[in-house]
Amino acid sequence: MEKKKVRNSNLELLRIVSMILIIMHHYVVHGQFVWEMTTVNKIMLDILSLGGKLGVNCFVLITGYFMVQSKMNIKKLIKIILEIVFYSTSIYIIFTCFNIIPFTFSGIINSIFAITQNAYWFGTTYVILYVLIPFINQSISSFNEKQHRYLCFTLVVIFSIIPTITTRNFEFSHVIWFVTLYYIAGYIRKYPNKYTEIMAKNVKYSGMIILFMIITTIGFNLLTAVNPDAKYYITYFGIVNSLPLLILSITLFIVFKNMKLKQSKVLNLIASSTFGVYLIHDNLYMRDFLWVKVLKNNTYATSPYLMIHFVFSVIALFVVCTIIDQIRMRIIEKRVVDKLIDKLYNIYNKQKLKKQNNTIKVEKVLELK
């Protein structure tokens, strides 16, 4: 029987924080807010939306940190794919049954093949990264420390520093960025040093970057009164590959990595559903229904209760989606998916063993001759 790995609660807590940051981001970007002028409410939401891509980066860094010294698990890959298909298809069927959206043949096909249809950009990119892990790890194992460091530096210059300075993302893709983050996390895991093992300095660096991003967000908001084009740069440093956000992602990851946190079954349990939380609340059909029709985010644009609505919505959404995913894990995954995968593996192993035995028999016959 396969021994279950014990999760690191430090980084599982970061996984939870990252998902909350992503929900906060979606509250703003999918809330269909219309602003006629710069207000305190607008500035607060712009600041709160900055953490979305920070959460994405941290998720990938966590994966790279653990997987660089592990082997790709085919069972896990299958479960990730089936989880994406399950939520995509289930939500589509539920929405059509309640006449929220019309049923179409292309709609159900797109839901079943959600990964190839890029229904979840993060899900699709993450699956691609996971498939590439054996090849990335093989390349890392062939590097010495200096080569690995230079590769990370080169990738950061090309895909973060230059785009941040020039505002142009030449030949950028999320797959390339995820691979870059994986190499960085792999370096942190393989070559610990005074920068990656000291928590205090990274807390300070994280605080400085957060302050910088808040100030620039406020500054560009105020600048729109003079130059309307400034609106395009309000959340500029919140872009997934911006240099300040990359630095914040790395320093925050190191802070959580070095926390003195005891193993927590509760944290680990909640963290195990974070991917499910993403798949539920950021489904293409769920977005408009959730943020506009149910929670009515845009109606609170000028309300003094905006922040109360914001906090309630984010927490409630995280809790409800976590409960739904825990139910899925216990009923669908453990009782159906796990058993099905185990059966397929048993069939595969039996066929493999049979083939090996046949090969041995042939070799013995040849030896006798």
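Asp-338 and Lys-79 pair up in a salt bridge, with their closest N and O atoms 3.3 Å apart. Because Asp-338 lies in helix H14 and Lys-79 in helix H4, this pair ties together parts that are 259 residues apart in sequence. Please keep in mind that the model is predicted. Side chains of opposite charge can pair when their charged atoms come close, and the count here comes to 11 salt bridges.

**Around Lys-79**
- Lys-79 also forms a salt bridge with Glu-333, where the closest N and O atoms are 3.6 Å apart.
- This pair, too, links distant parts of the chain, with Glu-333 in helix H14 and Lys-79 in helix H4, 254 residues apart.
- Lys-79, Asp-338 and Glu-333 belong to a network of salt bridges that also includes Glu-83, Asp-325 and Arg-328.

**Another link between helices H14 and H4**
- Asp-342 and Lys-75 meet through their side chains in a salt bridge, at 3.3 Å from N to O.
- Asp-342 sits in helix H14 (residues 306-368) and Lys-75 in helix H4 (residues 74-97), so the partners are 267 residues apart.

**Buried or exposed?**
- Glu-333 counts as buried because its relative accessible area is 11%, under the 20% cut-off.
- Lys-79 is partly exposed, with a relative accessible area of 24%.
- Asp-338, its partner in one of the salt bridges, is partly exposed as well, at 21%.
- In the other pair, Asp-342 has 35% relative accessibility and so counts as partly exposed.
- Lys-75 is likewise partly exposed, with a relative accessibility of 22%.

Definitions and conventions. Residues numbered from 1 in each chain as written. Predicted model: local features only at pLDDT ≥ 70, side-chain atom pairs only at ≥ 80, totals over all residues. Heavy atoms only, no water. Salt bridge = Lys/Arg side-chain N within 4 Å of Asp/Glu carboxyl O. Helix = DSSP H or I, 4+ residues; strand = E, 2+ residues; numbered from the N terminus. Buried < 20%, exposed > 50% of the residue type's maximum accessible area, 1.4 Å probe, protein only.
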